[in-house]
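Look at the model first, then read on.

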Amino acid sequence: MLDIATDPNELSFMLSRIQFALNISFHILFPTINIALSWMLLFFKIRYSQTQDETWMRIYRFWVRIFALSFAIGVVTGITMSFQFGTNWPGYMETVGNVAGPLLGYEVLTAFFLEASFLSIMLFGGERVSQRVHTAATLFVAIGTSMSAFWIIALNSWMHTPQGYEMIDGVAYVTSWIEVIFNPSMPYRVIHMLLASALTAAFFVAGISAYRVYKGDSKSSAKIALKFALVVAAIAMPLQLFIGDLHGLNTFKYQPAKVAAMEGAWQTEKGLPLLIFAIPDEETRKNNFEIAIPKLASLILTHDKNGEVKGLNEFKGEHPPVAPVFYSFRIMIGVGLLMLTCAWLGCYFFVYKKQFPSWLLKSTILMTFSGWVATLAGWYVTEIGRQPYLVTGLLRTRDAVTNTPSEHIAISLTIYIAVYTFLLFAYISTLFVMTHRAINLEQKDLARSDMKDDQLLEIPNNTQTRSAP
C-alpha cells in the first residue's frame with residue numbers, strides 16, 4: 001500500500017490491472033452463456049423440425065431473444081477489452097504481438113464473420129426463409145460462437161504454456177503455429193471452458209424457467225425447458241469434474257507454483273493434506289485455522305497418497321498472490337458441488353416422483369447465475385495464478401504495463417465501472433421484463449393448448465395460484 005501511495009508507476013500498474021480484470025470479468029459473463037445457449041437453440045430447432053410440436057418453437061423464440069441480448073453486450077465488451085492491449089498494456093503487443101495478433105485475427109476472420117453473417121437470418125429470418133435455411137443459420141451461429149472460444153482460449157493457453165516460438169531482440173517470433181495453437185494446456189482449457197459454458201447456460205435456462213413455473217406459468221414450454229436444462233447440467237457436471245482433474249494434473253506439471261497456491265502448500269511435502277478451509281498468511285508464510293483431510297491433495301495431484309508436491313517456498317518471488325487463488329479455487333469447487341446436487345435432485349424428481357417440489361424450484365431459481373460465480377472464480381484461479389507473469393516465463397505483467405499517468409487510468413476505470421454497472425442492471429432488468437412477458441402476454445392464446453400437457457410436470461400446489469406481479 002505504501003508503494004502505491006508514493007510511487008505513481010505502481011499506482012498506474014494497480015489501476016491497469018483492476019481495469020483489465022473488471023473488463024474481462026464483465027465480458028466473460030456473456031460468451032459463457034452464449035456458447036452453449038447457441039447449441040441449445042439448435043437442439044430446440046431440430047426438435048421442432050422433427051416433431052412439428054409448436055412448444056419447441058416457442059422455447060426457441062423465447063431463448064433466441066435472450067441470446068441476442070447477451071450476444072450484443074458480449075460483442076461490445078469484447079471490443080473495449082481489445083483496446084486495452086494498446087492503451088494499458090503496450091508491452092504485451094510489443095513482445096508477443098506476433099503470436100497474439102494473428103490468433104485474434106483468426107477469431108475475427110472465422111468466428112466473428114460467421115456469427116455476423118448468419119445471426120440476422122437466425123433472429124429475423126424465421127418467417128422469411130425455409131426452415132432448413134433457418135436451422136442451418138442457427139447451426140452456423142453455434143459453430144461461430146464455439147470457434148471464437150477456441151481461438152481466444154488457444155491464445156490464453158499459450159500465455160500459460162508457451163511454445164513454438166523463439167525470442168529475437170526481446171520479441172517473440174513464431175517457429176511453429178501448430179505448437180503455438182496446440183500448446184500443452186490448450187485441450188484441457190478449451191474443453192473445461194466449453195463445459196463451463198454448458199453448465200452456465202443450463203442453470204441460466206433452468207433458473208429462469210423455474211421462475212416462470214414458480215410464478216404460475218403453466219405453459220409446457222417453461223416446464224420442458226426446465227427439464228431439458230437440468231438434464232444437460234446433470235450430464236455436464238460429472239464431465240466437468242473429470243476434465244477438471246485432468247486440467248489440474250496438467251497445471252501441476254507445467255505451473256506447479258499455481259497449484260501450490262491453490263492448495264495453500266508452503267513447504268514441499270509428501271502426503272500433502274487437502275485443505276478444506278484455511279487462512280493463508282503470506283507474511284508469516286503459513287496457514288491459520290486449517291481444516292484438512294490427510295494425504296488427499298497428494299492423492300489427487302500425483303495419484304499417490306505419499307506423492308511429493310512442491311510448496312510455495314520453492315518459488316519465492318515467482319509465485320502468485322496466494323489468498324485470491326486459494327479462496328477462488330474453493331468457491332469454484334463449492335459452487336460446482338451445489339450445481340451437481342441441484343441438477344441430480346432435479347432429475348431424480350423428474351424421473352421417480354414426476355413432480356418438482358416447491359423448495360427445489362426456489363433452489364433452482366437461486367442457482368440461476370451460479371454458472372457466472374463458478375466461471376469467474378475459475379477464471380481468477382487461472383489468471384491470478386499465472387502471476388507474476390503475463391506470459392509464463394517470458395513476459396512479466398509489470399514489464400508490459402503502460403506509463404500513462406495514473407490519473408488518466410483512474411478516469412477511464414471510473415467510466416468503465418459506471419457503464420458496466422448500468423449494463424448489468426439493464427441486462428438483468430430486461431431479462432425479468434422478457435420473462436414476465438412470457439408469463440403474462442406472449443402467445444397467450446397458445447398457452448391454453450399447452451395446458452393439456454401439464455402431465456409433463458406437476459406444479460407444486462402452493463405455486464399454481466401464484467401470479468406474476
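The axes of helix α3 (residues 54-87) and helix α8 (residues 220-254) come within 9 Å of each other and cross at roughly 75°. That makes α3 roughly perpendicular to α8 (65 to 115 degrees; over 145 counts as roughly antiparallel). Axes are lines fitted to C-alpha atoms over the stretch in contact, with angles from 0 to 180 degrees between N-to-C directions. Helices are DSSP runs (H or I, at least four residues), numbered from the N terminus.

This is a predicted model: local features need pLDDT of at least 70, side-chain atom pairs pLDDT 80 or more, while totals for chains, interfaces and linings use all residues. Numbering starts at 1 along each chain as its sequence is written, and side-chain values use heavy atoms, without hydrogens and water.

On the α3 side, Thr55, Trp56, Arg58, Ile59 and Trp63 meet Ser220, Ser221, Ile224 and Ala225 of α8 (contact: heavy atoms within 4.5 Å). By class, this contact has five nonpolar, three polar and one charged residues.

| Helix pair | Axes come within | Crossing angle |
|---|---|---|
| α3 and α8 | 9 Å | roughly 75° |
| α3 and α4 | 12 Å | roughly 160° |

The α3 and α4 angle makes the two roughly antiparallel. Among the α3 residues that meet α4 are Tyr60, Phe67 and Phe71; the α4 side includes Met93, Leu104 and Phe112. The contact of α3 with α4 has 15 nonpolar, two polar and one charged residues.

Terms used. Parallel < 35°, antiparallel > 145°, perpendicular 65-115°, else oblique. Nonpolar A, V, L, I, M, F, W, Y, C, P; charged D, E, K, R; others polar.
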